[in-house]
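The structure is shown first.

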Amino acid sequence: MAQIDNLDETVGTAELLRWTVARSAEAVTVTLDGELDLANHAAFGELLAKLTSTKPESVVVDLEQLSFLDSSGIRCLLAATRDAAAGGITLVVRRPRPAVRRVMEVCGVDELLLGASEASPR
């Protein structure tokens, strides 16, 4: 299980998933590398909850290096998006690889997670 008690840490890991956290004045960006799935979605969800509890204007989840996403990972991202919105925070997912984007499309959540401007036309 990942160690996320100290939010000053900028790198974390959990079962085939590595993340880095970068902060700016207006956003927190979490860059993922590896696989977001059943084995690690809870640890990543916990990280997102802790990050949003600090009330940034927005949280960006960068998926450019994510090679695999399953339904557990999608549920994690959807829950984080919903919880962030309830707290007045925008959570956006950006730059998925084609295989990861395809999973989002098949599940019908690409527009919700990526926004209308980045989702594939239907």
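A salt bridge is a side-chain nitrogen of Lys or Arg within 4 Å of a carboxyl oxygen of Asp or Glu. The model is predicted: local features need pLDDT of at least 70, side-chain atom pairs count only at pLDDT 80 or more, and totals for chains, interfaces and linings use all residues. Residues are numbered from 1 along each chain as its sequence is written, and side-chain values use heavy atoms, with hydrogens and water left out.

The structure holds 4 salt bridges, including these:

| Pair | N to O distance |
|---|---|
| Arg 95 and Asp 62 | 2.7 Å |
| Arg 95 and Glu 64 | 2.6 Å |
| Glu 105 and Arg 102 | 3.4 Å |

Helices (H or I, at least four residues) and strands (E, at least two) are DSSP runs, numbered from the N terminus. Asp 62 is buried, at 9% relative accessible area, whereas Glu 64 is partly exposed at 35%. Buried means under 20% relative accessible area, exposed over 50%, and partly exposed in between (1.4 Å probe, protein chains only).

Glu 105 and Arg 102 both belong to helix H3 and sit 3 residues apart, about one turn of the helix. Through shared partners, salt bridges join Asp 62, Glu 64 and Arg 95 into one network.

Most residues other than glycine have a negative phi. Arg 95 has a positive phi of about 55 degrees, and Lys 55 one of about 60 degrees. Lys 55 is in the loop between helix H1 (41–52) and strand E4 (58–69) and is exposed, with a relative accessible area of 56%.
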